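Student: Please take a close look at one part of this model, the packing of a pair of helices, and then at the aromatic residues.

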Amino acid sequence: MQLLKRESRERLKTGIAFFKQSDYSRAYEHFEDAHILGQKYIREHTLSHWWMLRVSLRTNDKREFFGQILRMLASLIFSKIWVPEGNSGRASVSALQTMPIPEHLKGYYS
């Protein structure tokens, strides 16, 4: 499990670098990966939503903004109770929807 937490933190760092370069599409990709890998850890889970919220502000995406506020609050409560495996964390999908683990992340789950 520590591998998931460590890799989630690395994906957050990379996403933040893209965010600082205003490459929001690539930042989202890394924040989604960080979310998938770290959603069972309160800190990593909440930080992935925090950074998605920041991207939504920069891109003026109101739906994503409000979705991330709700998801960030839920991450504080549900990270240790239940999370939908593989969920990308974006507001465009249900917060309760289980999704397949993307191919490029499957190695972290074996």
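**Helix packing and aromatic pairs**

Tutor: In this predicted model, the contact between α3 and α4 is made by I42, H45, T46, H49, W50, M52, L53, S56 and L57 of α3, which meet E64, F65, Q68, I69, R71, M72, S75 and L76 of α4. Sorted by class, this contact of α3 with α4 comprises nine nonpolar, six polar and two charged residues. Two packed helices are described by the angle between their axes and the distance between the axes. Here α3 spans residues 42–58 and α4 spans residues 62–78; their axes come within 9 Å and cross at roughly 170°. An angle over 145 degrees counts as roughly antiparallel, and α3 and α4 are therefore roughly antiparallel to each other. The crossing in which α3 passes α4 is left-handed.

As to the aromatic residues, a search of the whole structure finds four aromatic pairs. In one of them, the ring centres of F19 and W51 are 5.2 Å apart and the planes stand at 75°, so the pair is edge-to-face. F19 belongs to helix α1 (residues 2–20) and W51 to helix α3, so this pair ties together parts that are 32 residues apart in sequence. Both F19 and W51 are buried. A further edge-to-face pair is formed by F65 and F66, with 5.1 Å centre to centre and 80° between the planes. F65 is partly exposed, at a relative accessible area of 22%, whereas F66 counts as exposed at 52% relative accessibility.

Notes: Residues are numbered from 1 along each chain as its sequence is written. This is a predicted model: local features need pLDDT of at least 70, side-chain atom pairs count only at pLDDT 80 or more; totals for chains, interfaces and linings use all residues. Side-chain values use heavy atoms; hydrogens and water are left out. Axes are lines fitted to C-alpha atoms, for helices over the stretch in contact, and angles run from 0 to 180 degrees between N-to-C directions. Helices (H or I, at least four residues) and strands (E, at least two) are DSSP runs, numbered from the N terminus. Angles under 35 degrees count as roughly parallel, over 145 as roughly antiparallel, 65 to 115 as roughly perpendicular and the rest as oblique. A crossing is left-handed if the near helix is turned anticlockwise from the far one by less than a right angle, and right-handed if clockwise. Contact means heavy atoms within 4.5 Å. Ala, Val, Leu, Ile, Met, Phe, Trp, Tyr, Cys and Pro count as nonpolar, Asp, Glu, Lys and Arg as charged, and the others, Gly among them, as polar. Rings of Phe, Tyr and Trp (its six-membered ring) pair if their centres lie within 6.5 Å; planes under 30 degrees apart count as stacked, over 60 as edge-to-face and the rest as tilted. Buried means under 20% relative accessible area, exposed over 50%, partly exposed in between (1.4 Å probe, protein chains only).
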